[in-house]
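I opened this notebook to record what I looked up, beginning with the terms and then turning to the core and the overall fold.

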Amino acid sequence: RADAPQTRKTSVLVQRSVFHPLTRVRYELIGQDRALEQLFKDLSIHSRQLSITPIVILLCGPSGHGKSLLARKFGSLLDVPTHTVGMTTVHSAQDLWKSYSMSPDDPPSTRTLAEFLCDNEGKRCVVVLDEIEKTHGESPLWALLMPWEHGRCTFEANGRLVDTRNVVWLGTSNIGQDLVFEHHNARALPDELMSKGEYTELMALLRPRVSERFGASMLSRVTTVLPFVPFTPEERQAICYEA
């Protein structure tokens with residue numbers, strides 16, 4: 001459906017912003033039309049507001065539905081550097097800042113996250129926090145509060161503040177996957193493309209689940225929480241064809 005009228009209409013939302021190259025993801029991601037529509041809308045609003053706060057996006061839902069693919073493609077489509085942190089091995093704030101990038105699409109990293117942010121200070125770049133809900137303890141998440149709210153952070157006591165206002169933070173998570181399936185099964189026409197109203201309803205249901213895991217303080221710093229939903233029969237056929 002990359003060239004469908006509704007898809008093209010959705011892409012217009014970001015055509016006049018710096019994020020317009022992201023519209024090409026329509027040709028690489030099967031399904032998730034409503035998630036992309038909401039993403040483009042939120043990015044457009046953020047661009048028009050000239051906000052000084054970074055963009056923080058949580059991609060939530062069941063595995064195998066495109067969350068990691070979208071996160072990996074984000075930086076390459078924008079032609080900006082990306083650093084991917086596997087959060088399952090992060091036990092502390094220092095673990096977070098000292099994490100090397102683990103993207104399967106890039107060669108082994110020689111820079112830590114702290115070095116990556118310093119090297120790209122003030123520039124547009126992407127940080128992917130893969131499986132963000134699986135950190136060990138809360139301190140790694142607390143370390144994100146300042147950069148997510150104020151667009152700056154420090155990596156050690158009395159260290160200098162690093163400008164992170166132009167960082168796009170992408171978190172992937174399985175939080176709420178049971179809720180996504182329950183909502184899907186309760187729909188009147190579960191094999192049809194989800195309506196805008198249904199997707200908005202699912203977003204509202206998902207936010208409390210995210211808040212339970214991360215806390216209201218952290219959720220308040222998140223730009224948008226996007227649920228990834230089950231594929232329609234047509235989308236499943238497309239996946240089988242590509243395989």
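I call a residue buried when its relative accessible area is under 20%, exposed when over 50%, and partly exposed in between, using a 1.4 Å probe and the protein chains only. I note that this is a predicted model, in which local features need pLDDT of at least 70 and side-chain atom pairs count only at pLDDT 80 or more, while totals for chains, interfaces and linings use all residues. Residues are numbered from 1 along each chain as its sequence is written, and side-chain values use heavy atoms, with hydrogens and water left out.

I looked up W97 and F155 and found both buried. Their rings form an edge-to-face pair, 4.9 Å centre to centre with 65 degrees between the planes; rings of Phe, Tyr and Trp (its six-membered ring) pair if their centres lie within 6.5 Å, and planes under 30 degrees apart count as stacked, over 60 as edge-to-face and the rest as tilted. W97 lies in helix α4 and F155 in the loop between β4 (152-153) and β5 (162-163), so the pair ties together parts 58 residues apart in sequence. Helices (H or I, at least four residues) and strands (E, at least two) are DSSP runs, numbered from the N terminus.

Entry on the core. I then looked up the largest nonpolar core, which has 34 residues, and W97 is among those that touch the most other members, as are L96 and L117. Such a core is a set of buried Ala, Val, Leu, Ile, Met, Phe, Trp, Tyr and Cys residues joined through side-chain atoms within 4.5 Å. Its largest share, four residues, comes from α5.

Entry on the whole. I counted 11 helices and seven strands, and buried residues make up 50% of the 243.
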